[in-house]
Amino acid sequence: PEGFPAFGIDVSHHQGKIDWEKLFVKERYDTIIHFVYCKATEGSDHLDTQWEKNRAELQELHIPNGAYHFFSPKTEPRPQAAHFLNHWKKTDLDLPPVLDVESEGFSDEDLIAKMKIWLTVVEDKTGMRPIIYTSLNFFETKFINDFKNYKFWIAAYSRKPACIDDSRIIHWQYSESGELPGFAEKVDFNVSKIALR
């Protein structure tokens, strides 16, 4: 998509073992990819199997990166926040942490209340206000009238979302089928309204 100053990717164990050296050093994609987000945790006890490797290698290559937590709406949010903070430690290269919200809660009200607890705990501990990642459908049907002081990262693959002009939306995940050197599996492609490099 045109008109966005930065391009980035997000990864998890679904991409397997990534050859970051091939991507950024041999193929010089560091001039094209401005940021990388990695899955760190899920729920209150799951650690992504590639998190520590991905994190260490991106730090070593000085690539701006961030971590995301996959939210489990039907469990308590404070243990989830504590779990995330146990495994993600802020550094100078860090982008704001992300709360990945893709699953239904017991109700929209319960989901939003639990999200706010996680977001507040993480911000209080790190001094960084987290970003909310979610689908276009969730944004439009659950969150559009709430979270007025938060930024969003929206996933929409079939079209450019009409709400992209909303100042709260800063990242747009426009494809889940990107291909890159060093990756055995397809990867999500994102653009950002923010010049991150």
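**Reading the features**

Author: Begin with helix H3 (residues 77-87), where Pro77, Gln80, Ala81, His83, Phe84 and Leu85 are buried. Buried means under 20% relative accessible area, exposed over 50%, and partly exposed in between, with a 1.4 Å probe and protein chains only. Helices (H or I, at least four residues) and strands (E, at least two) are DSSP runs, numbered from the N terminus. This is a predicted model, in which local features need pLDDT of at least 70, side-chain atom pairs count only at pLDDT 80 or more, and totals for chains, interfaces and linings use all residues. Residues are numbered from 1 along each chain as its sequence is written, and side-chain values use heavy atoms, with hydrogens and water left out.

Reader: What do the buried residues of H3 pack against?

Author: An α-helix has 3.6 residues a turn, so residues three or four places apart point the same way. Here the buried residues of H3 pack against strand E2 (35-42), strand E3 (46-47), E4 and H4. Contact means heavy atoms within 4.5 Å.

Reader: Which residues have the most contacts inside the largest nonpolar core?

Author: A nonpolar core is a set of buried Ala, Val, Leu, Ile, Met, Phe, Trp, Tyr and Cys residues joined through side-chain atoms within 4.5 Å. The largest has 50 residues, and Ile9, Trp20, Val36, Met115 and Phe143 have the most contacts inside it. Helix H4 (residues 108-126) gives the largest share of this core, seven residues. A second, separate core has eleven residues, including Tyr68, Val98, Trp153 and Ala155.

Reader: Where is Phe147, and is it buried or exposed?

Author: Phe147 sits in the loop between helix H5 (136-143) and strand E7 (152-155). Phe147 is buried, at a relative accessible area of 2%. Beyond residues up to four places away in sequence, Phe147 touches Ile112, Met115, Lys116, Leu119, Ile132, Phe152 and Arg168. Phe147 and Met115 are 32 residues apart along the chain, and their C-alpha atoms are separated by 9.9 Å.

Reader: How many disulfides does a search of the whole structure find?

Author: A disulfide is a covalent bond between the sulfur atoms of two cysteines. The test is a pair of cysteine sulfur atoms within 2.5 Å, and a search of the whole structure finds zero. Cys38 is buried, with a relative accessible area of 1%, and Cys163 is buried too, with 13%.
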